[in-house]
Amino acid sequence: MGPDQPPLPRPPGDPEKMRQLLDDARRKMEEEEYMRTMPRPVYGGPPVTRRWSIRGIVMLVAGALAAIAAAVFGWNKMAAPVYGGPPVQPVPPNGEITPPAAVYGGPPPPQPRVK
Amino acid sequence: MAVRFTYAVWELTLQCNLGCVHCGSRAEKARASELTTEEALDLVSQLHEVGIREVTLIGGEAYLRGDWLKVVEAIREAGMSCTLTTGGYGISAAAARAMRDAGLQQVSVSIDGCRETHDFLRGKAGSWDAAFGSLRHLRAAGVPVTCNSQINRFSAPELPLIYSDIVEAGCRAWQLAMTVPMGRAADRPELLLQPPELLDVFPVLNELAGWARRDGVMFFPGNNIGYYGPYEMRLRNPNGAGRAIWEGCQAGINTLGIEADGTIKGCPSLPTAAYSGGNIRERRLSEILESAPALAMNAGQGTEAAWAHLWGFCKTCDYAQLCRGGCSWTAHVFFGKRGNNPYCHHRSLVRAREGRRERLVLETPAAGEPFDHGVFRVIEEAADAAWPEGDELRFRAESVRWRREKPIGAAGLRVLG
């Protein structure tokens, strides 16, 4: 403390050590926050955590692999009916049955009118 | 954001017009030998001499002292900032204008809950309405207003509603402090949050800090809110930028506390008996600062002397040398000595990771004097151990009233009567 320096504020005993302690604490907090399981959810639902993000990425990759597998190996499998079952097949006047409409791959083709 | 360098908090009188159930100084009547006007004005000049730049007047209720505006004027004439912290019971429009004219630069009004909770905690029916009436008068007079709130098991569930109310009332800043067992609060340990409950409180504070940032309201965690948990930087940097973190107790470093009879402490909250550095009736303030060990207890930051007092968990903590046991006041009023602070988010998180938790149990009640405290014992137990039966005020995340429609809890209603 200099001769004209008022008693307050008191300077740190070791300013260099104080700077080092501050830097160390900030670094440790950042490391801890990265590793820490996030605290409990509050307003607006659970926070998005890193663990959830990793889980999301894994699910996304697994989903993509499943889609590729379905595209490669599922082409000759029976297509599952859509919601409500397959479209009703009206019987044409000549009694011939039209082939079933495609489900997977788009809407059914136009049907002949029933008189 | 303004930086606060040196700061004195001055209990101008212990006389009070409220009867707060958590009042650390058990304020009611004036002290037997409060400073005379001449002594108070002389202290103002001494504060300036020792380097103080800002003075906050508190009580009791500072404005109940007849000459308080003279003190305000003297502080301003000496070139220091002057603010008031008040319960806000009945500041009239004329009183607000007089404060402005005397040079008072800011008033912080204590708001501890919604109407019924606030009135219960402040010990007087109508005190919530009076406080908001005071805020209106102060704003109309052009005095900047802020608010401060206690965090305890009654107020914690209502923090979002308090925030909404004070923002609507035009407050530009909000300071929060944990209720700790000093004075009357030591007589009501059921009010106090238990350390594991901090795990639910801090996410709420983090959320509210975000609201405040969005609304341009300055969010100030008090010195006994911390330390080094996942929200530390977000809570301690109100504008969202900056890397400020807790740097240890500043009592006697850049802060002084003054009791109405001239007793000098390093911080206004510290218990008188253990932390008095002397009285300005006996020695000049500069002499007290230079020679009283109680005011130099935090000197030597960065050296071994600064953390030699640590004990218990705090002694073993990774942040020990910087933190120095958090708020000395909080640690002392729980255990009778500083250096081991149970109100620490980091500590509760560490314990939780270990599958443990700590509960505080009152062992020795307080004597009933201003600034007194009891002594608590820490019970360490498994995190999933049964919680004590009958503890109806236990705080949980789901207790929080984010919207006004959610009614106050049944337990709270029972206690409020």
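Predicted model: local features only at pLDDT ≥ 70, side-chain atom pairs only at ≥ 80, totals over all residues.
Let's start in the loop between strand 7 and helix 8 (232–236) of chain B, where B:Y227 has its place. The peptide bond that runs from B:G226 to B:Y227 is cis, and its omega is near 5°. B:Y228 belongs to the loop between strand 7 and helix 8 of chain B as well. Although B:Y228 is not a glycine, its phi is positive, at about 65°. Is B:Y228 buried or exposed? B:Y228 is buried, because 25 other C-beta atoms lie within 10 Å, and 20 or more are enough to count as buried.

Why point these spots out? Most residues other than glycine have a negative phi, and most peptide bonds are trans.

To find B:G60, look in the loop between strand 2 (54–58) and helix 2 (68–77) of chain B.

Next, visit the loop between strand 11 (356–364) and strand 12 (375–382) of chain B, which holds B:F371. This residue is not a glycine, yet the phi of B:F371 is positive, near 60°. B:F371 has 25 other C-beta atoms within 10 Å, so B:F371 is buried.

## The sheet of chain B

Chain B contains 15 helices and twelve strands. Its radius of gyration is 20 Å, close to the 22 Å that the globule rule gives for 417 residues, so chain B is as compact as a globular protein of that length.

Which order do the strands of the open sheet follow? Ten strands of chain B line up as 7-6-5-4-3-2-1-8-9-10, with mixed pairing. At the edges are strand 7 (218–221) and strand 10 (278–279) of chain B, each of which pairs on one side only. Strands of a sheet pair through backbone hydrogen bonds, either parallel or antiparallel. For a parallel example, take strand 3 (residues 81–86) and strand 4 (residues 106–110) of chain B, which are paired over four bridges. There you can see B:T86 opposite B:V109 of strand 4 of chain B.

Helix 6 of chain B covers residues 159–168, and its buried residues include B:L159, B:I162 and B:I166. What do the buried residues of helix 6 of chain B pack against? Their partners are strand 5 (145–151), strand 6 (173–178) and helix 7 of chain B. Just past helix 6 of chain B comes B:G170, with a positive phi of about 90°.

The largest nonpolar core has 130 residues, and B:W174 and B:V201 have the most contacts inside it. Helix 7 (residues 198–215) of chain B gives the most to this core, contributing nine residues. Leaving aside residues up to four places away in sequence, B:V201 touches B:I151, B:A156, B:L193 and B:F395. Over the whole of chain B, 54% of the 417 residues count as buried.

## Where the two chains meet

The contact between the chains draws 23 residues from chain A and 37 residues from chain B. On the side of chain A that touches chain B, 14 residues are nonpolar, one is polar and eight are charged.

How confident is the predictor? Chain B averages a pLDDT of 93, and 96% of the residues score at least 70. For the complex, the predictor gives an ipTM of 0.89 and a pTM of 0.82.

Conventions. Residues numbered from 1 in each chain as written. Chains lettered and ligands numbered in written order. Contact = placed C-beta atoms within 7 Å. Nonpolar A, V, L, I, M, F, W, Y, C, P; charged D, E, K, R; others polar. pLDDT = per-residue confidence, 0-100. Core = buried A, V, L, I, M, F, W, Y, C linked by C-beta atoms within 7 Å. Buried ≥ 20, exposed ≤ 12 C-beta atoms within 10 Å, placed from the backbone. Helix = DSSP H or I, 4+ residues; strand = E, 2+ residues; numbered from the N terminus. Rg over C-alpha atoms; globule rule 2.2 N^0.38 Å. Pairing = 2+ DSSP bridges.
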